[in-house]
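These are my notebook entries on a structure that I looked through for the first time. I record each item in the order in which I looked it up.

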Amino acid sequence: MAEVKAVCIIAVLTLVSLVLIPLQWLSMKFGLRSREILPKLWHRVATRLVGIKIVQIGHPARDRPLLIAANHASWVDITVLGSLIPLSFIAKSEVSGWPVFGLLARLQRTVFVNRTRRTETGQAADEIAERMAAGDVMVLFAEGTSNDGNCVLPFRSALLGAATRAIGDEDGATVWVQPLSVAYQGFYGLPMGRAHRPHVAWYGDMELPGHLWGIFTRGALDVIVTWGEPVLVDRTTDRKALTRDLEHEVRALTIASLLQKPVERPDQVDVAEPASFSNDEKPDKAGAGN
């Protein structure tokens, strides 16, 4: 039955995509408002079909310009966040060439960053700044990679440069940066547990087709999305200090969600960073339905 369910999900998503993709292409070409709404509709359909239950704690900031700094465990993060509010993502340049996912990313108006070339990284930061100044909400997975879902890796300060660029040269100009935690807490209504969470997470050298099939056949995920307090950034903000504070906040929110306990921040108690799997330690074919 699980395989039949997965096939049905793929069939319905394919039909929905065949309808929405041309509409989104036209919306982007002519700058229509629907370019922000159609991706949200697609993600909402996908989460419902797979059986992803999302619980939100807090709410997204209403002030603009807004950059969201989030942790990253899986490609599922994109569908979860995309189903909540209109937004666009910041992704590594390799994603643009992925089959299917690259197309969907471009239709989501993703900004692709080539981290191996500084000149292109600067151009991407300028594009992010322009998009934020125009009112677009941008999501940055600030770890720079995905993890096993049991921890939050160190945030990279270089990737937060777009926030300061978006401020511009005007005196008194500000930008909001909001920390966000995505935690996969349950499976079929039961606590997922540390050992099983990597079957949802997609990281290391996991193969995408197998992981997709594993999610489609299992489904029924409980996800906790926690919005932290927005941080007001101006021209005097120390980028490294900002990065450190965002990292600590997202880690505290994630630990609280996974353990279903009150948030304990570093200034309240020393929180040891949970160990993460390395590529050599990860379960073989995790998420592939084995």
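Entry 1, helix α8. I began at the start of α8, where a side-chain oxygen of Asp238 comes to within 2.9 Å of the backbone nitrogen of Lys240. The helix covers residues 239–259, 21 residues in total. From its first C-alpha to its last I found a reach of 30 Å, close to the 30 Å expected at 1.5 Å a residue. Next I looked at what follows α8: Gln260, with a positive phi near 55°.

The pLDDT of the chain averages 86, and 89% of the residues score at least 70. Where pLDDT is low, the predicted coordinates should not be read in detail.

I counted through the secondary structure and recorded eight helices and nine strands. The chain has 290 residues, of which 48% count as buried. It exposes about 14600 Å², and carbon and sulfur atoms supply 56% of that area. For contacts between residues at least 6 apart in sequence, I recorded that 75% join residues at least 24 apart.

Entry 4, strand β3. Is β3 enclosed or open to the outside? Four of the five residues of this strand (residues 88–92) are buried, so β3 is largely enclosed by the rest of the structure. I then looked up its partners. Three bridges join β3 to β5 (residues 138–141), and the two run parallel; Ile90 has Leu140 as its bridge partner in β5. Three bridges also join β3 to β4 (residues 111–113), again in parallel, with Ala91 opposite Phe112 in β4.

I located Arg109 in the loop between α4 (101–107) and β4. Is Arg109 buried or exposed? It is buried, because its relative accessible area is 12%, which lies under the 20% cut-off. Leaving aside neighbours within four places in sequence, I listed the contacts of Arg109 as Met28, Arg35, Glu36, Ser88, Arg131 and Asp136.

Asn71 is buried, with a relative accessible area of 2%. I found that its side chain reaches the backbone nitrogen of Val182 at 2.8 Å. Apart from neighbours within four places in sequence, the contacts of Asn71 include Asp77, Phe141, Glu143, Val152 and Leu180. Val250 and Thr254 are also among them.

Which residues of α7 (residues 208–218) are buried? I recorded Leu208, His211, Leu212, Gly214, Ile215, Phe216 and Thr217. Their cover includes α1 (2–29), α2 (34–50), α3 (76–82), α4 and β8 (221–227). Just after α7, I noted that Gly219 takes a positive phi of about 60°.

My last item was Glu130, which has its place in helix α5 (residues 118–133). Glu130 counts as exposed because its relative accessible area is 57%, over the 50% cut-off. Glu130 and Ile167 are 37 residues apart in sequence, and I recorded 9.9 Å between them in space, C-alpha to C-alpha.

Terms used: Residues are numbered from 1 along each chain as its sequence is written. This is a predicted model: local features need pLDDT of at least 70, side-chain atom pairs count only at pLDDT 80 or more; totals for chains, interfaces and linings use all residues. Side-chain values use heavy atoms; hydrogens and water are left out. pLDDT is the predictor's confidence in each residue, from 0 to 100. The expected span of a helix is 1.5 Å times one less than its number of residues. A polar contact is a pair of N or O atoms within 3.5 Å; within protein, one must be able to donate a hydrogen and the other to accept it, and residues adjacent in sequence count only if both atoms are side-chain atoms. Buried means under 20% relative accessible area, exposed over 50%, partly exposed in between (1.4 Å probe, protein chains only). Contact means heavy atoms within 4.5 Å. Accessible areas come from the Shrake-Rupley method with a 1.4 Å probe; for residues, only the protein chains shown count as cover. Two strands pair if DSSP finds at least two bridges between them.
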